[in-house]
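Please read it with the sequence and the coordinates open.

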Amino acid sequence: MTIFLIQGLTMAKEIGVYIGTYTRKSPADGIYYAKLDLDSGKLKDLKLAARTPNPSFLVIHPNGKYLYAVGEMKDGFIRSFSIDPKTGKLKKINQQSSGGKGPCHLSMDKEGKYLFAANYSSGSAAVFPVNQDGSLKPASSIVQHNGCSVTKRQKGPHAHSINLSNDGRFIYVADLGMDKIMTYKFDSNTGCLSSATPSYTTTKPGAGPRHLAFLNDKVFVINELDSTISTFKRNPGNGALIPVASVSTLPEGFEGKSTCAEIAVGPRGKYLYGSNRGHDSIVVFRINPDGTLKCSGYLDKGIDVPRHFNIDPSGNFCVVGNQKSGSVKVFKINVKTGIPGPEISSVEVGKPICIKLYDVD
């Protein structure tokens, strides 16, 4: 089983789409599953894959056999599921405490030996060893952040994402509450985190770093609170992030309230995508060789608080989760400009929060 999160993979005719949701005060019951036809761009066969509370972020094991979901709750947890490759249905394997409150982001190493979790409400991050049967062991390492910044949302730490560097040596945790990207050394033998030197990179006060995307030696950080994307060059020796440039995700002259959410590099590495909530759009940037960004345009039709999105590995379709309107929509991408549109298909799902793509072949 191959997961379509890596460039250069052989294409299938259909891929699965797993949809994480908010279930509180929502018609959603858990994790949903549909199929995306890569010829037509049509979403079909939507079904409930597993009942589970507030599965607001998902990650799929590299071997394609297992899926992991947060339970974004006061007493946060992470659940492991086995995937039925024929139906897309999920069967619970086990559950572990997330090591904090309000888990909101997950990622894994390339071998699928470890799962990484960020806890937003408590401002902590954790590492979980993964057994061969896909079950999770208790956390092998938990780090607690301490600090604040300048806005009302930043009175304490809020770890919003956790990512392993491509070489597997460093972990980066974007903390919205502290305006910092924390850097940890990662020991793949023990599953333990320790502070790197330097131990963090500071963003602009009030920026609110949220999610990261990687391309070669460049790291792109989408800042939720001030609607910007910052480019950094990564030092592979010590993991340090060196600032390159920062750009607004909003069009010139926009004066309304807006915050950012997801960021992704397109499969060919030419375009960078980010979501705006308030302006309600997907912004597209062309990536220059030095890592600087030039805005190509916006998808702003059929978008309603885009909490998360994903791009299929061919680069032909953008799948967007509209949190407010309760819809998941597929848009055709113009391969010459990178800009998504027009809308191809749509399904109704209550408060879609996370979109993950999966090889059903």
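The points below go from the whole chain to single residues.

1. This is a predicted model, in which local features need pLDDT of at least 70 and side-chain atom pairs count only at pLDDT 80 or more, while totals for chains, interfaces and linings use all residues. Residues are numbered from 1 along each chain as its sequence is written, and side-chain values use heavy atoms, with hydrogens and water left out.

2. The chain has 28 strands and zero helices (DSSP runs numbered from the N terminus, a strand being E over at least two residues and a helix H or I over at least four). Its radius of gyration, taken over C-alpha atoms, is 19 Å, close to the 21 Å that the globule rule gives for 361 residues, so the chain is as compact as a globular protein of that length; the rule is 2.2 Å times the number of residues to the power 0.38.

3. Of the 361 residues, 61% are buried, where buried means under 20% relative accessible area, exposed over 50% and partly exposed in between, with a 1.4 Å probe and protein chains only. Among contacts (heavy atoms within 4.5 Å) between residues at least 6 apart in sequence, 49% join residues at least 24 apart.

4. His308, in strand S24 (residues 306-311), counts as buried at 2% relative accessibility. Leaving aside residues up to four places away in sequence, His308 touches Phe57, Glu262, Val319, Val320, Gly321, Ile353, Cys354 and Ile355.

5. Please look at the backbone in a few places, bearing in mind that most residues other than glycine have a negative phi, and most peptide bonds are trans. The bond joining Thr197 and Pro198 is cis, with omega about 5°, and Pro198 lies in strand S15 (residues 192-202). The bond from Gly341 to Pro342 is also cis, with omega near 5°, and Pro342 lies in strand S27 (residues 340-348).

6. Ser227 has a positive phi near 55°; this residue sits in the loop between strands S17 (218-223) and S18 (228-234) and is buried, with a relative accessible area of 2%. Asp280 has a positive phi of about 55° and is found in the loop between strands S21 (271-277) and S22 (281-287), where Asp280 is buried, with a relative accessible area of 16%.
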